[in-house]
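This briefing covers one residue and one chain-to-chain contact. Please keep the structure open while reading.

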Amino acid sequence: MQARFDEALRVLTRHEVEFIVVGGIAAILQGSPVTTEDVDVVYRVSDENCRRLAEALDELDASYADPGGRIVRPDAERLTSSRVHLLNTTCGRVDLMRTVGHDLGYTELLGRSKELEIEELSVRVLELEAIIETKEQADRPKDRYQLPFLRQLLAEIRRLRDE
Amino acid sequence: MAEAGPDAEDALDTSEWGLEWGDVSLIRQKLALTPTERLQAAQGLQNKVLRIRARNAG
């Protein structure tokens, strides 16, 4: 399996899924030097969007990362009802979430996101300040170790802006 | 030009390290790239890791 983060985003966009890239890839796109193994995405929970998302995941041959090795596919019903989906796909690991941080969903995060151009794609990503906040709220070891780099990145961006 | 010795190395600008040891020089390298280039770099690195893991798997 190869990591093809750009292709995963391309497939979601082609299927007109409403989503926001959060976590490591969102930070990398804005200059973070901390690497990641997956694409983290928050999606709008509506019947129509979950249907489009299920179609995109079908194209990505997605299945749940099941330690028991069972092949369980995501579908629109599961995407509507479950909060977190850790998926293996043809483009690598894709983690889908209904919310991040303190229960912040697509609607709450929309105003704190921005569009970034990746080749021919326009992808909505969570702003760096909000990434830092959601990682502070999540407060898991993997979030805590990234925070010094993200705060430093934010300070550097602000310094360059003020120059 | 005289070769820089250990003393010069010790005197590297410590401002390159942030207050919490975030590596500023690495961050500046990343900021000089476009979002596409940043994503490609991360992807390339991850694929190298995956290849090494596969080569060393049981």
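**Residue D143(A)**

Apart from neighbours within four places in sequence, D143(A) is in contact (heavy atoms within 4.5 Å) with K135(A) and A138(A). The model is predicted, so local features need pLDDT of at least 70 and side-chain atom pairs count only at pLDDT 80 or more, while totals for chains, interfaces and linings use all residues. Residues are numbered from 1 along each chain as its sequence is written, chains are lettered from A in the order in which they are written, and side-chain values use heavy atoms, leaving out hydrogens and water.

- D143(A) lies in helix α7, residues 141–162 of chain A (a DSSP run of H or I, at least four residues).
- D143(A) counts as buried because its relative accessibility is 1% (buried is under 20%, with a 1.4 Å probe and protein chains only).
- The side chains of D143(A) and K135(A) are joined by a polar contact of 3.2 Å (a pair of N or O atoms within 3.5 Å, one able to donate a hydrogen and the other to accept it; residues adjacent in sequence count only if both atoms are side-chain atoms).

**Chain A with chain B**

- Chain A brings 29 residues to the contact and chain B brings 25 residues.
- About 2,300 Å² is buried between the two chains, and carbon and sulfur atoms give 61% of that area (the accessible area lost on being put together, 1.4 Å probe, summed over both).

- E156(A) and R28(B) meet through their side chains in a salt bridge of 2.7 Å, N to O.
- α7(A) gives the most to the side of chain A that touches chain B, with 9 residues.

Technical notes: Helices (H or I, at least four residues) and strands (E, at least two) are DSSP runs, numbered from the N terminus. Buried means under 20% relative accessible area, exposed over 50%, partly exposed in between (1.4 Å probe, protein chains only). A salt bridge is a side-chain nitrogen of Lys or Arg within 4 Å of a carboxyl oxygen of Asp or Glu.
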